[in-house]
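Could you walk me through this structure, one part after another? I am new to it and would like to know what to look at.

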Amino acid sequence: MTDEAIIADNLTYFYGQLTAVDHISFSVAEGEILGFLGPNGAGKTTTVKLLTGQLVPKGGQATLLGLDVARRPKEIQAQIGVCFEIANLYEQMSGVENLKLFARLFGVKEFDVAALLARVGLEGRGKDRVETYSKGMKQRLMVGRALVNRPKILFLDEPTKGLDPASAQAIRNVILEERARGATIFLTTHDMLEADKLSDRVAFIDQGKIVALDTPHRLKQQYGKRLLKAEIAGADGGLETREIVLDSPDTPALMETLFSQENVITVHSEEASLEDIFIQITGRGLI
Amino acid sequence: MNTDMVKALVVKDLTLFFRNRFFALITVLGLLAYIGIYYLMPNTVDELLAIGFYAPDLPPVITRQLADEGVVIQEMGSEEALKAAVVAGDFPTGIVLAADWTQKLATGERAQARIYFAADFPADLKESYVILLQELAFRISGRPLNIDAETEVLGVDRAGAQVPPRERMLPILAVLVLVMETMGLASLISAEIETGTLRALLVTPLRMEGLFLGKGLTGVVLAFVQVTLLMAITRGFMRNPLIMLVALFFGTVLTTGVSFLIAAVAKDLLSVIGWGILAMLVLMIPAFGVLVPGAVTDWVKVLPSHYLVDTVYQAANFDIGWQSVAGNLLILLASAAAFFGLGIVVLRRKFR
C-alpha cells in the first residue's frame, strides 16, 4: 500500500477529435482534500470518470489505493464513494430505500441508515419519496449515498452547486468529518471560496491540462498580490482610498508616508482570491 | 456473480415498475381487458351455411336435403325482401330461382338463376355458389353428375369441433401481454440512462453482467407472471401445460431482448412507446394469421413470434406431443437467445 491514495500518471482521454484530458499527472495523499478547479468543459468530470473507472483512459494510467483503475475497476469501486454533479437518485423510492439499495450493492451488511440520514440532515424525511425532496435535500442524500460503504476515497463533483447556505454548510461539515475519519477527498468545484476553505491543495485544470497545483496559500503567495487598502479623509471632507502593494521594495516608505501624513480612517489588508489567480494563469474566468 | 446484488436490482426494478402509475395501471387494466375480450369472444363455431332463397317453384324435399348437409335455407317472400336481407347482413348470399325453374330443368331448357352477394363477400368463394346451383339443378333434373369424388381430411377432422374465435384470439393476447411488458422494461432502462441512475449503479461493485442479469430477470418475471396468469384464467393450460409454459418462457426471453433493443434506441417514455408499438405490430402479425386463416403467407415464418404463436395456438387447442412442436421451440429458443444477446450488445454500447 502506498501513501498516495490517488496517482494520475500522464492521464489522457479524448472524445473523437476533442482532447478532454491532456496528459495530466498528479497525486493525492491519503487523508488529503484536493480541490479540482476549472471552468465548465475544462475536463473535471472526465477526470473523475477516469479515476473512478467509468472511462478507460486512452493514454496514461490512474492508480487508486495501489490498484490500476483500468484493470481492476470493481475492486476500486468497492472502496470509493462517488457523488455526482446531477441528482441521479431513484425519485420514486424513499431516501431509506435509496440508501439501502446501494448498501446492498456494496455488500454492506451492518448499516445504520438512521444515523447516516441524520449526518446529512435528513432525519425524519427518510421514509418520504425522493421526488418530494428539495434540491438541497436531494444533494445531501447523494452525499449520504456516497458514504454508505465508508469509502477510503470520496469523489464529490460540485457537491454544493446551487444549494442554499444551510445545505451547503451541512455538506461542507460532512466533508470535513470524512477527512477527519481519514478519507481522501477529491473535490471538484468551481466555487473558489469553498475550495479555498476546504482544500489542502488545489489543482487548476483548463482545456484538459493542469495549469497549477499547490496549497491555496502558496498559490496566493506565488501568483497573487497582497494589498493594504486604506481609507483617508480627503481635503473636501469626503473619503479617498489608497492602495499599497505589500510585497514591493517601496512598501515601508509608502506605509510610513501614509500613516504620518494622512488622516487614516480605516485600514484593510487584502489578498488575491483563487479566482484572481486562475484568471491570472489562464487569462479567463471560471464560468 | 453476487446474487444478493442481482436480487437487490430485481426488487428495485419491480418496485419502480409498480410505482410508475402509467405502467402499473396499463398492466392491471390490460390484463383485465385481455381476459374480458377472451370471454366475450364466441366459444363455439357456427358451421352452418345460411343462404336466403326466393324460389317459389323449389320442391321442399330439396331444401330438406340441403339442410341435412349443413346448409340452412331461409325462404323469402319476394326478391325485394331477399335483396334487403342480404344488404342488411342477414345472409351473405341470396339466390333467386324463377318460378319456372324446375320445369325448365325437367325439359332440358336453360334455366336462369340470380345470386346476390353481400358487398364484403370474398371473391374467391363466389364460384362455389354457382357450383352449388349446378348441383341443385342436377338433383332436380334427376341426372346426377358422372363424377366420383373422394374426400379425405388430413390431420384431425375438426368438423363439428372447429377452434372457436376466442381460442384463436389467445395467441394475440399472449403476444400483447409480452409486448406491453417489453415497453415497461424498456421504459425502466431508458429512465435509468436518462436520469443518470445507471452511472451511480456502475460505480459500485456491481458488474455489467450482474446488471443485465438483474434487468433480464425483471423483464422475464414481469412478463412471465402476467402471461401465465392470463393463460391460467383463460384455461390455456388445459391440454399441454408444460409445452405452453416452455413456449411462454422462451417468448418472455425473446421480448426481454426486444426491450433491451428498444431501450438502446429510445430516449424517453414517448420514444419507448413509439418503438414499442412498432415492435408490437411486427410481432403480432403471425397472431393475425391464426385469427384469420389465410391472412398471411409463408413469409411470416421469418418473424420469431410465429413460432411462439403457433406453439401457443397448438398447445391451447390440440392434444399435441413435444415432437410436433420441437422444431418451433428450438427456433424460438434460438431467436430468444439471439435477441437477448443482441439486446445486451447494443445496450452495453449505450451504457458506455
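Residues are numbered from 1 along each chain as its sequence is written, chains are lettered from A and ligands numbered from 1 in the order in which they are written, and side-chain values use heavy atoms, with hydrogens and water left out.

Let us begin with confidence. The predictor gives the complex an ipTM of 0.84 and a pTM of 0.77. Within chain B, helix α10 (residues 241-265) has the highest confidence, at a mean of 93, and helix α3 (residues 60-68) has the lowest, at 71. Where pLDDT is low, the predicted coordinates should not be read in detail.

Now to chain A, which has 10 helices and 13 strands. The C-alpha trace of chain A spans about 75 × 45 × 35 Å along its principal axes. Of the 287 residues in chain A, 49% are buried; buried means under 20% relative accessible area, exposed means over 50%, and partly exposed is in between, with a 1.4 Å probe and protein chains only. Among the contacts in chain A with a separation of 6 or more, 67% join residues 24 or more positions apart, where contact means heavy atoms within 4.5 Å.

Helix α1 (residues 44-51) of chain A is largely enclosed by the rest of the structure, because 6 of its 8 residues are buried. The buried residues of α1(A) are K44(A), T46(A), T47(A), V48(A), L50(A) and L51(A). Just after α1(A) comes G53(A), with a positive phi of about 80°.

Further along chain A, look for E271(A) in the loop between β13 (264-270) and α10 (274-282) of chain A. Is E271(A) buried or partly exposed? Its relative accessibility is 46%, so E271(A) counts as partly exposed. Leaving out residues up to four places away in sequence, E271(A) touches K220(A), K225(A) and R226(A). Along the chain, R226(A) and E271(A) are 45 residues apart, yet their C-alpha atoms are separated by 4.5 Å.

Chain B is built from 13 helices and 4 strands. Its radius of gyration, taken over C-alpha atoms, is 28 Å, well over the 20 Å that the globule rule gives for 352 residues, so chain B is more spread out than a compact globule. That rule is 2.2 Å times the number of residues to the power 0.38. The C-alpha trace of chain B spans about 95 × 40 × 30 Å along its principal axes. Buried residues account for 46% of the 352 residues in chain B.

T93(B) is buried, with a relative accessible area of 0%. Beyond its neighbours within four places in sequence, its contacts include A50(B), I51(B), Y116(B) and F117(B).

Finally, the spaces. On a 1 Å grid over the protein atoms alone, a cavity is a set of points where a 1.4 Å probe fits but cannot get out, a pocket is an open set with protein on both sides within 12 Å along at least five of seven lines, and lining residues have an atom within 4 Å of a point. Grid points are joined across faces, edges and corners, and a volume is the space filled by probe spheres set on the points. The whole structure holds 4 cavities of 30 Å³ or more, and the largest cavity contains about 70 Å³ of space. Its lining includes F84(A), R145(A), A200(B) and T204(B), and β6(A) supplies the largest share, 3 residues.

The second largest pocket has a volume of about 460 Å³. Of its 16 lining residues, W101(B), L105(B), A111(B), Q134(B) and A137(B) lie nearest its centre. The largest share of this lining, 6 residues, comes from α6(B).

Conventions. pLDDT = per-residue confidence, 0-100. Helix = DSSP H or I, 4+ residues; strand = E, 2+ residues; numbered from the N terminus.
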